[in-house]
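User: Hi! Could you walk me through this model? I'd like to go over the interfaces and the ligand site.

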Amino acid sequence: MGSITLSKVSKVFGAHAVIPSIDLDINNGEFVVFVGPSGCGKSTLLRLIAGLEDVSDGDIVIDGKNATELPPAQRGLSMVFQSYALYPHMSVRSNIAFPLKMAGEDKAVIDKKVADAARVLNLTDYLDRKPRQLSGGQRQRVAIGRAIVRQPKAFLFDEPLSNLDAALRVNMRLEISQLHQDLKTTMIYVTHDQVEAMTMADKIVVLNRGRIEQVGSPLELYHKPDNLFVAGFIGSPRMNFVNGAAAAAHQAHTMGIRPEHLALSKDSGAWQGTVGVAEHLGSDTFLHVNVDGIGTVTARVSGDFAVTHGDRVFLTPDPQRVHRFDDKGLAIR
Amino acid sequence: MARNVSTRRKVVVTVVAWTIGILIFFPILWTFLTSFKSEAEAIASPPSLLFFDWTTENYFEVQSRSNYFRHFMNSVVVSFGSTLIGLVIAIPSAWAMAFSPTKRTKDVLMWMLSTKMMPSVGVLVPMYLMFRNTGLLDTRTGLVIVLTLINLPIIIWMLYTYFKEIPGEILEAARMDGASLSKEIIYVLTPMAIPGIASTLLLNIILAWNEAFWTLNLSAAKAAPLTAFIASYSSPEGLFYAKLSAASTMAIAPILILGWFSQKQLVRGLTFGAVK
Amino acid sequence: MATLHTRSAARLMIAPSVLLLLAWMIVPLALTIYFSFLRYNLLMPGMEEFAGFSNYSYFLTDPAFFQAIFNTLAIVLGVLFITVIGGIALALLLDQPMFGQGIVRILVIAPFLIMPTVAALVWKNMFMNPVNGLFAWVAKLFGLQPFDFLANAPLLSVILIVAWQWLPFATLILLTALQSLDEEQKEAAQMDGAGAWSRFIYLVLPHLSRAITVVILIQTIFLLSVFAEILVTTNGGPGTQSTNLTFLVYAQALLQFDVGGASAGGIIAVILANIVAFFLMRMIGKTLEA
Ligand SMILES: Nc1ncnc2c1ncn2[C@@H]1O[C@H](COP(=O)(O)OP(=O)(O)OP(=O)(O)O)[C@@H](O)[C@H]1O
Ligand SMILES: [Mg+2]
């Protein structure tokens, strides 16, 4: 139904190769998240799949059919934009009905589908309002409603939650995940928020400068990052990287250890250092420790850990959880 | 105390601003008042501001003597005609430049504006001769053609700046939703562009209504719009103040009212959105 | 490609405007150039002959021509001076809190909406006329000799009339720009101890520079070809004292029927306008890009 394959897809703007060459398989029903830092080409890649940009080279196959040359409307995909892109002059009802109207559906069918979508998205009471009379979260839902009525082969989302406040973002995240479970339609979701990526995705695609750094399930990326970039990008707070003697002790050019995999003690341990800043979150404590001969290392302990600025502490990396990288930044397994 | 000072300041500002405003407006007010005077009262010394025998006879005089209504219709046809035709030509162009811009779009726009820089008088002679030889001289059609051409760059620029403000994502959304180019234009672009189109329309009607180079040079009697009709009052002096005022009032009233309702758009339009 | 047809559709949609404007720019201009090299008078049809540069040398040695250039520039600069200075002052005034601001705005904008022929006739007859004009009456009130504006100071009179028409435009644009000045910026400057005058010099004026540029650009385009105001008030006179380039060419063509001479004048006007445009565009380029 909604499998998408990219082979050797590239995109050049002027002389600038935003996407040098990408191969990617997306299976039917998967929730795929593109993550990466700002400007890495996530939106561009999504827009290439949507057909809003022409590929410079390569092929896009949707459902076994080569769609490279098809205009956006004929690819059978729906998109939810970051700014929602609702039609400001149309009511919520007409906004949601628009794709059906374009497809030439019957009035009765349209009414029924719009009513269904409105029910699913809790929009029934707002159908006759204009977009400007809605809150951010409601607008977001209208945009999603407009995307689902058409029963597309796949949904494309471009940072759909970035305009919402933190609490609403968590809510909508759940709603979209719920929607995916109900519809079981392929979804491609762009974000630069790795928490969104980790919580929602079946499969994460980490992009950097237009290249795929790694593809895998959230836990695969967390436990087995292929390289320094992925290791540093996935996980919060960031993985600590240590070079020099401490790394050499693990036969690596660079060793990586996540803050949650450092054992903390006031009495003894492998590394000794001075607490710079201690962030007490209640459930967790983040310590930024100046380790002698290594530099600043972040450690995370659950619960409260009573230390303050200037205290001496000991840190011990969990040997099972040490990540080793060679001098090119690739993981040594 | 501070409150008191600011109220007093506000009163002073109000008095000064109103005085200046009335002074600037005075010639128009005076024309309006004079149009209701008899010719004798119109040149009476000392002049009376309000206390005279109000009469509307000047208006009837102007109409009956010079068939004012025909010139009025000429103005309407020429200004609306040229603006509407201009819009029909300009809307697709501005749309294309705003939504699929290329590297040259800015240059094309600049070039279009630069055609406004060419002084009309540079092409007066050939236009006059071409119009004479094709029988377009002193016809509404001829004036519509010229005014369409001279206002086209402004229409395109204005529409372009308005269209630019429509977020491109909305048009992309329409494309994703399966709208064809024509449906995209009918259902999405046009409704969103209507406010911009309306103010473009308004400003250009005003400009065309008041255009006084080509209308004066390319029309004589038959097709003369109000600009040229009023100009015919320039020779006989003195005794026709009241009728001149009545004719003038009728010539400027429609546009004055139109302009008052659209001040904001007027400014934005004429600056091509460069000042908001 | 998917969006390629959009691009060729785009070209197709731009084409009519471009072609029309191109034709509008090239055809008459080419004809003007052609005529400017002919001896061609409408009163003597069939007598056209090649005249070389004689039309140009006729025009360029005509004292009226230099007067016209001077008058053209005087009108442009005079009106710009009055409207920009007056516009800034008025905009600053109208930006203050007051009662009935909307009505004052309506009063101030009105002259811009008046057709040039009406404006010129009203000023000429009802105000500047030395016998029946309001100014004459005011002068007599003070026991002064009425001044015949159009006979004794024709150019100044034209400048005043045109400035009256354009002052609203400048005011409105500058006012709009002024109102877009961030309130917090002004407050910050106040906190920094800037007085009203230094706030104007260091904050307001730089903020207005873009709007001032726009005012100068747009007005220059229109002011270079002031015509109706001259036609109905002074008819270029007395003599050629208030003849600008536009009016001179008009007189040559439609009063003396000298097609060749008028065309040469037209070409000179185009060249002059291009020189002005060149400087304007550079200036605009600097301000608008920033
Ligand atoms: N139309 C365009 N013309 C030229 N360059 C472009 C164009 N669109 C995008 N780019 C460039 O391509 C690169 C990738 O842009 P893209 O919008 O895909 O980034 P992104 O990953 O979505 O970033 P963000 O998280 O900030 O949205 C950027 O360097 C951008 O400058
Ligand atoms: Mg993006």
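**Chains, ligand and domains**

Analyst: Happy to. This is a predicted model.

User: How much area is buried between chain C and chain B?

Analyst: About 8,500 Å² is buried between chain C and chain B, and carbon and sulfur atoms give 81% of that area. On the chain C side, C:Trp24, C:Leu113 and C:Met115 lose the most area to chain B, and together they make up 10% of what that side buries.

User: Thanks! Switching to the ligand: which residues surround ligand 1?

Analyst: The surrounding residues are A:Phe13, A:His16, A:Val18, A:Ser38, A:Gly39, A:Cys40, A:Gly41, A:Lys42, A:Ser43, A:Thr44, A:Glu159 and A:His192. By class, that shell has 3 nonpolar, 7 polar and 2 charged residues.

User: And which element gives the most to the shell?

Analyst: Helix 1 of chain A does, with 3 residues. Strand 2 (16–26) and helix 1 (42–50) of chain A each supply at least two residues of the shell around ligand 1.

User: What about polar atoms, say how far is A:Ser38 from an oxygen atom of ligand 1?

Analyst: A polar side-chain atom of A:Ser38 sits 2.5 Å from a ligand 1 oxygen. For A:Gly39, a polar backbone atom is 2.8 Å from an oxygen atom of ligand 1. In the side chain of A:Glu159, an N or O atom is 3.1 Å from an oxygen atom of the ligand.

User: How much of ligand 1 does the protein cover?

Analyst: The protein covers 58% of the 640 Å² of accessible area that ligand 1 has on its own.

User: OK, domains next. What does the domain assignment give for chain A?

Analyst: The assignment gives domain 1 (4–231) and domain 2 (239–325). Their C-alpha centres lie 38 Å apart.

User: How many residues are in contact between domain 1 and domain 2 of chain A?

Analyst: In chain A, 7 residues of domain 1 are in contact with 9 residues of domain 2. The area buried between these two domains is about 660 Å², with carbon and sulfur atoms giving 59% of it. From domain 1 of chain A, A:Tyr222, A:Leu228 and A:Ala231 lose the most area to domain 2, together 74% of what that side buries.

User: Last topic, backbone geometry. Which residues does a cis peptide bond join?

Analyst: A:Ser236 and A:Pro237 are joined by a cis peptide bond, with omega about -5°. A:Pro237 falls in the loop between helix 8 (228–233) and strand 11 (240–243) of chain A.

User: And which residue has a positive phi although it is not a glycine?

Analyst: That would be A:Asp63, with a phi of about 60°. A:Asp63 is in the loop between strand 4 (57–62) and strand 5 (65–66) of chain A.

User: Great, thanks!

Conventions: Residues numbered from 1 in each chain as written. Chains lettered and ligands numbered in written order. Predicted model: local features only at pLDDT ≥ 70, side-chain atom pairs only at ≥ 80, totals over all residues. Heavy atoms only, no water. Near = heavy atom within 4 Å. Polar contact = N/O pair within 3.5 Å; in protein donor to acceptor, adjacent residues only side chain to side chain. Areas by Shrake-Rupley, 256 points an atom, 1.4 Å probe, with all protein chains shown as cover. Helix = DSSP H or I, 4+ residues; strand = E, 2+ residues; numbered from the N terminus. Nonpolar A, V, L, I, M, F, W, Y, C, P; charged D, E, K, R; others polar. Domains from an automatic or database assignment. Contact = heavy atoms within 4.5 Å. Buried area = accessible area lost by both parts, 1.4 Å probe.
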